[in-house]
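Trainee: I am new to this structure and would like to learn how to read it. Could you take me through a few features, one by one?

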Amino acid sequence: MMALLEIKNMMVEFPNRRGNFTAVEDTSIEVAAGEILGIVGESGAGKSTIGNAVMGLLQAPGRLGEGKVYLNGSRIDGLSGEQLRKLRGNRIGMIFQDPMTSLNPIETMEMQLVETIQEHLGLSQNEASTRAVDLLERVGIENAKERIKQYPHQFSGGMRQRVVIALALCAEPELIIADEPTTALDVSIQAQILDLIKELCREKQVGVILITHDMGVIAETTDRVAVMYKGRLIEAGSTTDVIHNPRKPYSKSLIAAVPPSNRKIERFPKVAMDDSDGGRLQNFDLSSHWLGRGKRFKDTGNALISVRHISKRFPLNSAILKRKRTYIDAIRDISFDVMPGETFGLVGESGSGKSTVARVITGIHPATSGSIVFADTDLAKIKSGAERRRIRRDVQMVFQDPYSSLNGRMRVGTIIAEPIIVNRLAGTKVERESVVLDLLDLVGLGRDAARKYPHEFSGGQRQRISIARALATRPRFLICDEPTSALDVSIQAQILNLLKDLQEQLNLTYLFISHDMPVMRQMCDRIGVMRNGKLVETSETEALFNDPQHDYTKSLIELMPKFTK
Amino acid sequence: MKKIFFSTLCAIMAFAGTSHAETINWARAGDSLTLDPHAQNEGPTHTLAHQIYETLIMRDMTGAQVPNLATDWAPSPDNPNVWTFRLREGVTFHDGSEFDSEDVVFSFERAMTPDSDMKELLSSVKEVRANGKYGFEIETNGPNPVLPSNLNDIFIMDKGWTEENNTVEVQDFESGEETYASRNANGTGAYILTERVPDAKTVLEANPNYWGIGTFPLHVTKVNYTPIKNAATRVAALLSGEVDFIQDVPVQDLGRVDDDPNLKVLNAPQNRVIFFGMNMADDDLVSDDVEGANPLADRRVREAMNIAVNRDAIRQIVMRGQSIPAGIINPPFVNGYTDALDRIPAYDIDKAKSLMAEAGYGDGFTITLHCPNDRYINDEAICQAAVGMFAQIGITVNLDARPKAQHFPSIRNWETDFFLLGWGVPTYDSEYIFNFLVHTKTDKRGSWNGTRYSNPELDAKIVSLGSETNLATRNATIAEIWEEVQDEILYLPIHFQVLNWGMANRVETLVAPNDRAIFKYMELK
Amino acid sequence: MIGHLHRIWDSDLCWSFRQSPVAMVSACISTVLIVCAILAPLIAPYNPFDPSTLNLMNGFSRPMEPNPFTGEIFLLGTDDQGRDMLSTILYGMRISLFVGFMAVIFAMVLGVLLGLFAAYAGGRADAIIMRIADVQLTFPAILVAILIFGIAKGFTPVHLRDQMAIWVLILSIGLSDWVQFARVARGAALVEVQKEYVEAAILIGRKPGIIIFRHILPNVVSPILVIATISLALAIILEATLSFLGVGAPPTEPSLGTLIRIGQSFFFSGEWWILFFPATTLLMLALSVNLLGDWLRDALNPKLGE
Amino acid sequence: MLSYVFRRAMQSVLVLLTVGLVAFSMFRFVGDPVENLLGQERTDADIERLREQLGLEDPFPIQYWEFLTRAVQGDLGISFRQGRPVVDIFIERLPATLELAFVSAAFAFLFGVLFGIYTSIRRKGFLTNVILTGSLIGVSLPTFLIGILLIYVFAVELGWLPSFGRGDVVQVGRWSTGFLTESGLKALVLPSLTLGLYQMTLIMRLVRSEMSEVLRQDYIRFARARGLSDRTIYFRHAVKNTLIPVITIAGLQLGSIIAFAIITETVFQWPGVGLLFIDSVQFVDIPVMAAYLMMISVMFVAINFIVDMLYLAIDPRLRDGKTSFS
């Protein structure tokens with residue numbers, strides 16, 4: 001069988017001031033009609049660049065340095081701009097990651113569909129209109145006749161991605177390149193979109209390149225998979241082969257790092273090709289070290305934190321007049337307990353209110369109603385500022401985005417020292433500095449890090465800095481708000497390992513927030529499921545996965561991409 | 001629709017075309033301050049007024065006195081205190097009403113009211129009266145042989161018109177009053193006011209019923225008068241042909257205008273002297289840094305300042321040779337002027353410094369100089385140059401340059417201690433200068449005397465000039481007064497202005513020494 | 001230390017600077033002009049602000065030609081008062097730059113403070129501050145400046161007016177410009193406030209004031225710097241314009257704008273140097289600062305540099 | 001949508017009230033009106049009487065209210081300098097300024113948008129460099145200098161165009177227009193060029209940066225991926241999205257043209273309100289200054305309001321009230 005698309009020895013380079021950055025090197029890939037090829041890799045692997053290079057859409061100053069691209073046997077890499085344009089949308093369709101920004105916000109869906117159809121098929125306005133409605137119906141949009149007159153903002157994210165797919169299908173292309181088509185979507189919608197792509201592929205015998213970082217998506221959707229690392233193709237083969245029997249060390253470590261959805265493992269295996277220095281925990285004697293000071297709590301057997309009926313509403317506009325304001329209820333009537341030393345998880349899709357819960361507990365946003373009892377103290381009843389500060393010190397947070405959670409204008413040492421200074425936790429400057437260095441050791445960064453700025457570190461290393469900062473107040477309770485969702489899977493494994501180690505060593509209590517069910521399974525002792533600002537179910541982790549009670553929990557577990565080894 | 005529009009456009013343009021034929025576009029730096037002919041005794045104001053209103057007697061473009069609304073005049077043979085005038089018959093105002101002696105009496109009485117700025121010219125007048133419909137008499141306090149030369153700027157208004165429009169009283173300009181007469185005009189002159197936007201545009205059109213038709217050239221049928229304050233724009237307008245006539249070609253642009261094949265510059269010495277005035281009588285000054293004393297009251301300081309002014313440098317550089325350095329505030333045209341009096345003080349910094357030291361101001365002092373910036377030729381630059389010159393003898397001068405409309409009231413209201421002023425002498429007689437600038441400030445005289453100087457003896461002499469019939473005695477008194485004025489160093493004279501009128505080649509006119517362009521005399525080729 | 005310097009030299013900003021001849025040339029020109037202005041009392045051959053040193057007879061000397069009366073030679077000629085053009089321009093530039101810098105600093109401090117506060121406080125405070133900014137925007141810079149000048153003229157005694165003029169200029173230009181800074185600071189700070197390091201700072205117990213100044217401010221410096229550079233050019237031009245309209249620096253202590261106003265009346269008469277040199281200086285100054293601002297904006301916003 | 005219109009209208013009124021307050025405060029506190037109205041020979045009794053007459057004894061809010069009532073009825077006081085109702089003076093002078101502003105604004109907007117689009121599409125190239133360099137020189141030269149240079153070249157040296165004034169105007173009702181005569185149209189050229197040049201530069205730079213931003217958006221990349229032609233991408237997708245933010249700022253810019261006309265009117269001796277204003281500043285003629293202030297803000301608010309309504313027409317997101325640009 002002749003390949004639909006054949007890429008031979010592709011090399012893509014981005015000239016910059018220090019020479020050439022090679023984004024893709026010596027990569028050969030084939031896709032057959034009716035087949036879904038997954039390209040998987042971590043950030044910087046060059047997987048998106050391949051798609052763009054095929055489409056002739058490389059961002060300046062990138063260029064195709066070497067290699068050949070054949071579509072149905074004819075070479076397309078040397079085509080002129082105009083010839084390539086005729087190819088795009090006509091023979092190759094493309095789907096982008098973010099449906100919220102892929103559509104022109106001020107034109108109707110109809111206009112955008114019709115112009116694409118007319119561009120490639122030369123139909124009349126009416127014919128094109130009819131076809132546009134058909135397309136929308138085919139991608140599963142109800143009331144297509146009416147909805148086609150609407151504007152993008154009147155569609156939800158999943159619906160928009162359907163329209164994007166419809167746009168890619170306008171001219172019945174032979175090949176579709178889907179670049180992270182579901183990354184911006186919630187799990188439940190992700191499954192629908194992936195099903196739609198699969199269905200189209202089978203039905204129309206279209207070749208699909210599915211670019212993703214998510215092994216779960218690869219495992220569930222693709223026929224064959226190509227694993228990429230730093231611009232090179234590491235290994236390619238049938239999906240089952242690669243997942244169950246990876247041959248190359250990188251593939252092995254990558255697959256090992258993916259949290260399994262079907263069982264709980266103690267620790268993630270070390271990733272072989274990781275070049276950051278992994279978390280080598282020093283052994284601290286907590287009884288003598290600064291970090292252990294003030295850690296002798298009486299275990300009363302009560303919950304460390306007890307959340308009762310909290311609600312939070314936000315004003316939607318900043319009208320000066322009170323009666324003109326409108327509000328949204330972010331969370332409603334949330335109650336749960338977290339016992340000392342345990343990890344309590346909150347899971348839910350975007351907008352479910354799980355992050356708001358974290359911010360209400362920390363006091364960043366005061367609760368509209370309800371009470372929070374921390375270590376037997378009702379936070380609302382604290383009058384003195386000093387007392388409030390002392391309690392707040394005990395509750396710290398690790399944030400989602402390692403890039404925005406560190407102030408880029410401060411040295412790492414200063415960032416970590418700041419909590420110590422503010423809370424006067426160190427007697428002398430010398431003590432403070434040694435504590436900072438110890439903390440850096442503790443999170444596995446090494447003492448040299450103190451003099452550097454955050455931008456000199458990778459995402460995973462930054463997350464370690466963020467953890468060190470949180471530890472610098474000697475907290476008892478650490479809230480981890482999607483601490484790894486912005487990280488590659490191998491880094492995620494390290495950070496999760498680190499969190500587990502720290503919990504053990506420092507006797508920490510965690511509130512762990514994530515949308516990722518497999519991660520939750522690995523990290524949490526108990527899990528609360530949130531939906532639309534409400535807590536729908538709370539249960540022991542294994543019980544939840546094995547025997548979900550609530551329908552929503554059931555669907556979440558059913559729809560999560562299952563990656564089993 | 002389009003067609004109609006186009007034909008209308010054509011019609012309008014055709015109309016605009018024909019009306020251009022004898023139009024003169026006239027520009028100068030400042031606008032007339034008011035249309036009320038008695039409210040401000042000021043050059044540009046009167047120049048505009050002369051086109052619309054008329055006087056009994058006027059000076060023509062050569063400076064000679066000629067009949068205007070009066071056909072002849074003479075001292076009364078019966079009473080030496082009375083002048084009799086025969087008025088022109090058959091003259092009508094622009095609104096059609098007839099001109100007669102009643103209007104003349106009314107206008108003179110109006111010009112003698114306290115708010116009038118012309119009252120000093122008539123300070124010797126005891127009474128004015130009609131003598132029949134076309135006869136008019138002025139009785140003075142004692143004989144006044146030079147009275148007619150005071151009448152060149154006393155404009156005649158229509159009594160009926162002023163009464164109808166409730167504008168019998170003279171506009172009180174200094175306090176910012178506005179009246180019907182300050183916005184509208186109804187004279188007997190050769191031109192009728194058809195449009196006026198103060199500071200922007202004034203349009204005059206030929207009076208079809210003018211008595212002088214046939215007597216004067218009257219080539220100009222329409223005058224567009226635009227004040228253009230910015231000198232460069234004004235010259236650019238002349239150079240580009242948009243303006244036909246400007247009275248104030250900046251001295252630096254004379255060459256360029258003269259070199260232009262379509263333009264010419266005519267010049268003549270002007271009957272106008274430029275000088276500094278000083279508050280020399282108050283015990284303390286507001287605008288200086290000397291506490292409890294008035295440095296300007298010390299004659300030695302005034303003398304030092306007088307000889308610190310390098311008049312020749314001002315002539316050479318600021319005026320580009322277009323001025324005549326002055327030693328007296330009396331232009332050479334004027335009765336009472338002598339070369340001896342007009343001795344230019346020798347520029348001598350060393351002597352000036354020693355005089356300052358003698359007076360106890362060896363370290364100098366600070367004072368504010370007020371200066372107009374839109375009235376005289378390079379007025380602001382003269383003041384700036386003076387700042388440098390006074391600085392050499394230790395006097396730090398803060399310069400406050402402003403429009404004449406602000407400057408003049410502050411002199412008359414005694415709100416400035418040190419100022420620049422220019423003075424033209426329409427009567428061509430020293431008495432005019434004394435009355436305004438030397439006499440103690442009273443209701444009738446001394447209104448422009450910003451020096452606060454008051455000398456009863458001198459005042460008496462000045463008053464006597466008004467009724468002295470013996471010209472020799474009178475001239476002797478004038479000489480005595482000038483001696484005193486010069487000796488006191490009452491003012492610091494700078495120079496006599498030279499007029500530079502720039503115009504299109506087709507314009508034929510003489511340059512009037514009083515800077516009055518009278519359009520009825522103007523000829524167009 | 002050396003490593004530090006090397007890091008600065010090697011930074012992207014510096015690299016893009018070294019890559020841009022336009023940026024380097026304009027940086028050179030503006031630096032030279034600013035240094036000349038600062039050193040004016042040392043390098044200017046004359047002190048044009050001291051009227052006692054002037055000799056009127058030197059007036060209208062042509063550049064590089066001996067004066068017909070005094071025989072003195074002036075590199076760039078003299079003006080109508082016999083002031084050496086070179087010295088006058090140096091001193092005038094000093095005034096222009098002083099007014100420009102002070103006005104921008106004033107506008108920046110006011111605008112950034114209000115902008116940061118609005119962004120951090122949000123809600124009603126934000127709404128009110130931004131409404132005020134809207135109203136302020138209703139009045140273009142030139143109008144605000146003239147109005148303030150007109151009002152100040154009504155209040156200040158005559159003998160203080162000349163000294164006041166400079167400060168009135170600074171106040172009025174600054175007041176007309178703060179909205180720019182407020183909007184940019186607020187816009188940038190709104191992005192920063194959303195970032196998690198701000199929440200982290202709250203969690204470790206930092207007070208709002210310190211969060212605004214120690215955490216948010218350093219992160220919004222770049223766009224403010226760009227605005228400040230462009231505002232400096234604008235302020236210099238606005239000062240010149242006001243002085244041209246006669247509501248700015250007095251003729252006895254002229255700024256570049258006043259010099260242009262003076263020179264303008266001699267432009268048609270052949271004394272071109274009185275207008276030409278100050279105008280060219282102003283153009284060079286404004287252009288080089290503008291070019292720097294342009295480059296800075298592109299360099300700090302790498303997305304633009306496609 | 002109605003509530004959006006209403007909210008905008010309310011904001012406009014608020015702005016006007018604030019400006020009115022500033023204007024009124026000028027009246028009240030800068031330059032004593034009594035001082036200005038009474039002559040030298042005033043007595044204390046006169047002062048008392050006049051204060052009473054003018055209502056100066058009333059509490060501040062009442063005075064302000066009466067000031068507003070009078071202003072709404074078209075009574076903005078009497079000019080200290082000309083002694084005529086300020087409104088009359090403005091009616092006389094306004095057409096000149098409005099015609100100048102209109103022509104300049106049209107020029108600035110047309111060429112600003114055109115050049116902006118061109119330079120953002122052709123990021124490199126000779127013409128782009130010429131336009132960009134020209135625009136930088138344009139913003140670095142003060143308007144008045146440009147005016148003087150234009151006069152020098154086109155009026156003095158070449159003699160093609162008049163250097164000052166409006167030329168011949170035709171009176172249409174109370175409106176004097178220069179559009180109907182050749183000399184009137186010629187007279188408009190240099191001033192409107194001078195006035196519009198700077199605004200054009202600003203609009204151009206704005207369009208350029210907005211358009212560059214838009215061209216980086218995902219939906220433009222997606223449009224390319226759909227195989228649309230450059231023409232369609234630039235002119236159907238990019239330009240319309242560019243104009244949305246441009247319209248607000250351009251609206252504000254154009255509003256400021258009226259105020260910037262002050263400079264142009266001075267240089268060209270254009271008999272409009274700007275020249276009137278600068279004269280009134282020289283004379284501290286407070287009523288004229290205050291009225292000018294009010295006029296500028298009314299225009300500004302009106303332009304803003306129009307711009308907001310234009311938004312409604314262009315941006316579908318706004319019509320549903322989902323997002324608000326404030």
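Trainee: Which residues is A:Ala468 in contact with, leaving aside its neighbours within four places in sequence?

Mentor: Keep in mind that this is a predicted model. In general, nonpolar side chains in soluble globular proteins tend to be buried together. Here, beyond those sequence neighbours, A:Ala468 is in contact with A:Ile416, A:Leu439, A:Leu440, A:Leu442 and A:Val443.

Trainee: Which residues touch the most other members of the largest nonpolar core?

Mentor: That core has 436 residues, and A:Ala468 is in the group that touches the most other members, together with A:Val208, A:Leu439, C:Ile142, C:Phe181, C:Ala185 and D:Ile296. Helix H5 of chain C, residues 85-121, gives this core its largest share, 20 residues. There is also a second, separate core of 84 residues, with B:Val251, B:Ala304, B:Ile393 and B:Tyr453 among them.

Trainee: Now for domains. How is chain A divided?

Mentor: Into domain 1 (1-91 + 174-258), domain 2 (98-170) and domain 3 (290-559). Taken over C-alpha atoms, the centres of domain 1 and domain 2 of chain A are 25 Å apart. Their contact takes 10 residues from domain 1 of chain A and 13 residues from domain 2 of chain A. On the domain 1 side, helix H8 of chain A (residues 187-204) brings the largest share, four residues. By class, that side has seven nonpolar, three polar and no charged residues.

Trainee: And between chains, how many residues does the contact take from chain A and from chain C?

Mentor: The size of an interface is often given as the accessible area lost when the parts come together, but we can count residues here. Chain A gives 25 residues and chain C gives 21 residues. On the chain A side, helix H13 (385-394), strand E16 (395-398) and helix H14 (412-422) each supply at least two residues. That side divides into eight nonpolar, nine polar and eight charged residues.

Trainee: Let's finish with a helix. Why is H7(A) largely enclosed by the rest of the structure?

Mentor: Because 11 of its 13 residues are buried. Among them are A:Met159, A:Arg160, A:Val163 and A:Leu167. These buried residues of H7(A) pack against several elements of chain A, including helix H4 (109-121), helix H5 (125-138) and H8.

Trainee: What span should helix H7 of chain A have at 1.5 Å a residue?

Mentor: The 13 residues, 157-169, should span 18 Å, and the end C-alpha atoms of helix H7 of chain A are 18 Å apart, which agrees.

Notes. Residues numbered from 1 in each chain as written. Chains lettered and ligands numbered in written order. Predicted model: local features only at pLDDT ≥ 70, side-chain atom pairs only at ≥ 80, totals over all residues. Core = buried A, V, L, I, M, F, W, Y, C linked by C-beta atoms within 7 Å. Buried ≥ 20, exposed ≤ 12 C-beta atoms within 10 Å, placed from the backbone. Contact = placed C-beta atoms within 7 Å. Domains from an automatic or database assignment. Nonpolar A, V, L, I, M, F, W, Y, C, P; charged D, E, K, R; others polar. Expected span 1.5 Å × (residues − 1).
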